[in-house]
Amino acid sequence: MRKPTTRTWIWLTAAVVVVTGGAFYVDGHRVSAAPHADDPKCDKVISRLPDDIPGASRDWALGDAVASWGGQKAVFRCGAEELQPNVNLCVTADGVDWVLDEARLKRDGVSVLRTYGRSPAVEFTYSGPREEVGGILATLDPAVKWIPQQRKCIGLDDADTVL
């Protein structure tokens, strides 16, 4: 049996580096899918998302019914668990109700919002300044707005008339 040459070792090392680097590259673009990402409506939602949001361009994201922008500074996942009525802050942007996960914002400084009253639900995570979220939601809303809204957010003043 012949002993491998230096050239063989160089090529083998280069191949290992390329394969390992490629695996890290792909893994860096992986976004975990939401529990109901297989909902057929999610394909339509994802296809309607913009290429750009304020301050960031769309990334290549690997995962079912997901999208990201700005190196995953902003992540969009269709098929999230639908929210039950709760007391978290609800904001309406262009007719779409989004509920803020206030505990996550306080704990990690990350804005996680989920649509309310639409099925499938959509989750949007943003790790940038909070002040930018409203403009970004307005950009994303056309992709979500066509999903029929079955429930709306209500304010605390309205709660006693509903109960």
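The expected span of a helix is 1.5 Å times one less than its number of residues. In this predicted model, helix 4 covers residues 133–145 and has 13 residues. The distance from its first C-alpha to its last is 17 Å, close to the 18 Å expected. Buried residues of helix 4 are Val-133, Ile-136, Leu-137, Leu-140, Asp-141, Ala-143 and Val-144.

Pro-148 lies in the loop between helix 4 and helix 5 (156–162). Its relative accessibility is 46%. Pro-148 therefore counts as partly exposed, the class between under 20% and over 50%. Beyond its neighbours within four places in sequence, Pro-148 is in contact with Lys-41, Gly-117, Arg-118 and Ser-119. Gly-117 is 31 residues from Pro-148 along the chain, and the two C-alpha atoms are separated by 8.4 Å.

Gly-117 belongs to the hairpin of strand 7 and strand 8, which has 5 residues between the strands. There Gly-117 takes a positive phi near 80 degrees. The loop between strand 7 (111–115) and strand 8 (121–126) also holds Pro-120. A cis peptide bond joins Pro-120 to Ser-119, with omega at about 10 degrees.

Strand 8 is largely enclosed by the rest of the structure, because 6 of its 6 residues are buried. In a regular strand the side chains alternate between the two faces of the sheet. On one side of strand 8 lie Ala-121, Glu-123 and Thr-125, all buried. On the other lie Val-122, Phe-124 and Tyr-126, likewise buried. Strand 8 pairs with strand 7 in the antiparallel sense over 4 bridges. Strand 4 (residues 74–80) also runs antiparallel to strand 8, joined to it by 6 bridges. Tyr-126 takes part in both pairings: it is the bridge partner of Ala-74, and Ser-111 stands opposite it.

Two residues other than glycine have a positive phi. Ala-65, in the loop between strand 2 (56–57) and strand 3 (66–69), has a phi of about 55 degrees. Ala-65 has a relative accessible area of 13% and is therefore buried. Asp-94 is found in the loop between strand 5 (90–93) and strand 6 (96–100). Phi of Asp-94 is near 50 degrees. With a relative accessible area of 46%, Asp-94 is partly exposed.

Definitions and conventions:
Residues numbered from 1 in each chain as written. Predicted model: local features only at pLDDT ≥ 70, side-chain atom pairs only at ≥ 80, totals over all residues. Heavy atoms only, no water. Helix = DSSP H or I, 4+ residues; strand = E, 2+ residues; numbered from the N terminus. Buried < 20%, exposed > 50% of the residue type's maximum accessible area, 1.4 Å probe, protein only. Contact = heavy atoms within 4.5 Å. Pairing = 2+ DSSP bridges.
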